[in-house]
Each structure stands twice: as structure tokens, then as C-alpha cells.
Amino acid sequence: MMVTTRTPRKRRVLPWSAWMIASSLLVGCQFGVEEANNVPKANTTQTIPASNGEKSKVIPFVYTAKKELTLTFNGMGDDATMKKLLDELDKYQIKATFFLPGMRVAEEPEIAKEILKRGHEIENNTLNHLDDAQLSYEQIYKEIQLGNDVIKKQTGVTPSYVRTKSGDVTDNVRLAAAALGMKGVVSYSINPKDRDMKKDAKAIGEYVERFMTRGGIITMNTDINPEVIPAISYIAKAANDIGYKLVPLGELVKNGGERKPLEQIPGYDAAKINPDTKNATYHLIYQMETNEPKIALTFDDWGSDKTVTKILDILEEHDVVATFFLRAKGVEDNPNLARAMVEGGHDVANHSYSHPVVTTISPQQLQEDLVKAHRVITDAIQQQPVMLFRPPTGVVNDETARLISAVGYKNIAMYDVTMLDWDARHSADDIVNGIMTKTKNGSVILLHMLDNIHTVEALPVALEKLKQKGFKFVKMADMVPK
């Protein structure tokens, strides 16, 4: 097997004309030229406005339940590289957002103009693409301001967002961006680390696929690893397989929403630490006593966007509502997925934060875990979740049930139909057969939304068979005694 060695592309030395373009844009500065070495010399008279303490918002992802995310690029490669990249994006009908360093735009403005001509967005990657963590507020202000000015002069576009070289965000960057009226400092939620020259296109694409989320911001570089270009095909396929669309950052933000602070959401404090269990009462709900063919379909735990979105799509296709018991640690990492469940017409409820067996931890640990989960879920869906708690593994006793009730969760959601579908050794046929054998009027069916199990495969078959038997699906909250 032949092994090839790839090296990062070298940036060309910036010509004198580009330095002059960028330098002349500093408002209030007078530039002279030293005849001896033709280096521009700045006589800085500009007054940098002091920060008033307001900080620009940070955007690591966009809050949305829509099936959209954005592909962004940092830096600006040479003409040949950028043409290949733009052609690849055209091939897969992807519109992206390019964060360009001002000095590169000054050097080769035609590349920036071609990016816009192809229907992509341009934003500010600062003037010199420096490590902003090492710069003062005043230096960062000038870097952002000059980047904006160069891009505006050369392309006619005024950037709304700024991103640092590393994507990291400091207080000084936020302060400077706010002082300059920028809409936000953009970070990222998906970084395939393409700077690692050992990563080929397949590895980059598989990383993005694994962490692809609604509202996600993918970050890659145009001028380091040439494998970024062929990685586009893998990313496009991953998005298509899950049914997601890659849109420019501006469109993603426009279609997204603002999350209220937790304390402004009614019901955020419906769960509270309360060690007094003397008068605590609870209901263990295994099924609903009814002669009607009503059943509740429930899902536990958490999974990737790909798995959960397939479940949501199947439920929508079959016009079935469900109740999702969420492991809040997963929700914390991907709040948009929880919100998508709510917008799909389903209920979400509490399945703990860290998924402990509740009978094996201290009373304080149990209550703290439940309250933390309640607040994480509330913050994610921007409303109070259904006040049902399902204990991980279904294990609970009188003592822990009272502790759970004292927190505010008086109704403990159990189940009467389970096929242990969390175990990948159980096939789709096993799951379907178990559901059809055990389900009766008032049943609560327990399934899981974990990756790499057979539930997604079994679900549409089970739903069709249950409907054929006349069962109607209700949310589990409808089974709670009034």
C-alpha cells in the first residue's frame, strides 16, 4: 500500500497592496511609509471606546427544533483550494458560512466575491487570524474592526458575527464585539478536529455524523487539511440520511429562537429538595384500569439525533403520541432534541440526571439528582415537563418513593410491558412479538431510544399491529389518577 504524506498549505506572504488596503481602513489613523523598507507605519490617533460592561452573546449552537444545522469554515485557502471546495459544496447543494480573515480578503478579494456569488455567507475571522487569548481588549477591538472594514470594502458585505482563530471565546472578545455592534461571537458545537493531519475525509465525516444535531454549528478549516474537501460528501450523506438540511448561519439563527433564563420559566421550581418525607404520599402507576383499548407508549433514556429523530419520524408517520422519560445528562448536551419531542406533540418527563439506581444512593443524592434533572429538562424545553418520574431500571422501594414524592414527583411512572429492548441481543421480531403478547387495555409499554439496538426497526411494525387490534395511544399523563 502506498502511503502519501500531506502537509498543510503555506500562506503566501501578503503583498504590499493588501497591507495598504487593510491599513488604510483604520478610521482615525494616519499611515506613512518608511522609504527604507516600504513598511507601513501607523500613527494611531483613533480612540478605542471603553467597554461599558455589556458582552456580546456567545453562539455555540442555535436553539431550534427544526431539522437544520450549519456548516462553517475558518480561514481562506488559495484560489485552487477554494474553487475545489466551492465546487464540492455546489455538487451537494450546500450553502455554508465562511469566516474569513480580513488580510486574506485584502490579498485575494476575488475569492471572497466568488464565495458570495455561489450563495454562501461571509463573516469575520478577525483581521490577522491571531490567537485572541494573547491580545488586549484594545488589540482585539482593532482586529475585529479592521476585519469588518476590509470585508465591507472588498465585498460590500458588513459582517454580523465574529469567530476567533481557535473558536474559543474570551471576555475581551465578547466586550469588543458588543462595542462594535456585532450580533454575536460564534463558537461551535461540532469540531471534527481537521487540523489533525492524520484525519482523512472519512474520519472527518464520521465524526460529524456522530455528533450531528439540530441547530448544530460545524467548524472546519479551508487552509490546513486538504481532506476537508472530500469530507463534504460524507457530511452531506450523513445529513441526508437523518433528514437534516445544511443552511447558512444567518438562516439558522433567523429560524431559531431565544432561550429564556431558567428562573423565568413557570414551573422551573416545581421540584425542590425536601428531606421531610413523613407526610409524603405517592402513586406507582403500572397501567390504567380501563375496559377501553387505550395504551401508553413510553421511551426511556437518551440517544443520538439520528436514532431519536427516526423514532419521532415513525411516530409522526403513524400519528402516535408518546411519553419520553429523559436522562437529563443527555438533554444537557443536546437541548434541541428534547424540544423537538415537545414540538412533535409528545410529553417529556424525568428519568433522572445521571441514571442511578435510586435505592443505591443516599437520600440527599437522590433528591439532588431529581431536582437537577427537572431543571435541565425545563431549561431545554422552555416549559415545565410532565410531573412524572420513572426510576432507572424500574427499581424503587417505599423509602425512595417517599423521597421522590417529597421532591414534587408524586406520580412514579412504571410499566407492565417490557421486552428488555435495551439489550441488542433482542431482535426486532423479539420486540414486536413481546409487545403483541403482553399488551392489553390500559398497558404502559416501555421501550428505549438508545443507539445500536433494534427498537427503531421494530417500532413501525409494532405500531401497525397494535392499531390493527384496535388500540388507541394516549400520553401517560392521561393515566394519572385525578
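## Strand 18 and its pairing

In this predicted model, Thr-418 has Leu-446 of strand 18 as its bridge partner, and two bridges join strand 17 (residues 417–418) to strand 18 in a parallel arrangement. Strand 12 (residues 294–301) also runs parallel to strand 18, to which five bridges join it, with Ala-296 standing opposite Val-444. Strands here are DSSP E runs of at least two residues and helices are H or I runs of at least four, numbered from the N terminus, and two strands pair if DSSP finds at least two bridges between them.

Strand 17, helix 15 (residues 428–438) and strand 18 make a right-handed β-α-β unit; with the strands pointing away from the viewer, the path from the first strand over the helix to the second runs clockwise.

## Burial of strand 18

Five of the five residues of strand 18 (residues 444–448) are buried, so this strand is largely enclosed by the rest of the structure. Val-444, Leu-446 and His-448 point one way, Ile-445 and Leu-447 the other way, and all are buried, where buried means under 20% relative accessible area (1.4 Å probe, protein chains only).

## Confidence and conventions

The mean pLDDT, the predictor's confidence in each residue from 0 to 100, is 91 for the chain, and 90% of its residues reach 70 or more. Over residues 1–17 the pLDDT is below 50, and this stretch has 30 contacts beyond near neighbours in sequence, a contact being heavy atoms within 4.5 Å.

Residues are numbered from 1 along each chain as its sequence is written, and side-chain values use heavy atoms, leaving out hydrogens and water. Local features need pLDDT of at least 70 and side-chain atom pairs count only at pLDDT 80 or more, whereas totals for chains, interfaces and linings use all residues.

Notes
Buried < 20%, exposed > 50% of the residue type's maximum accessible area, 1.4 Å probe, protein only.
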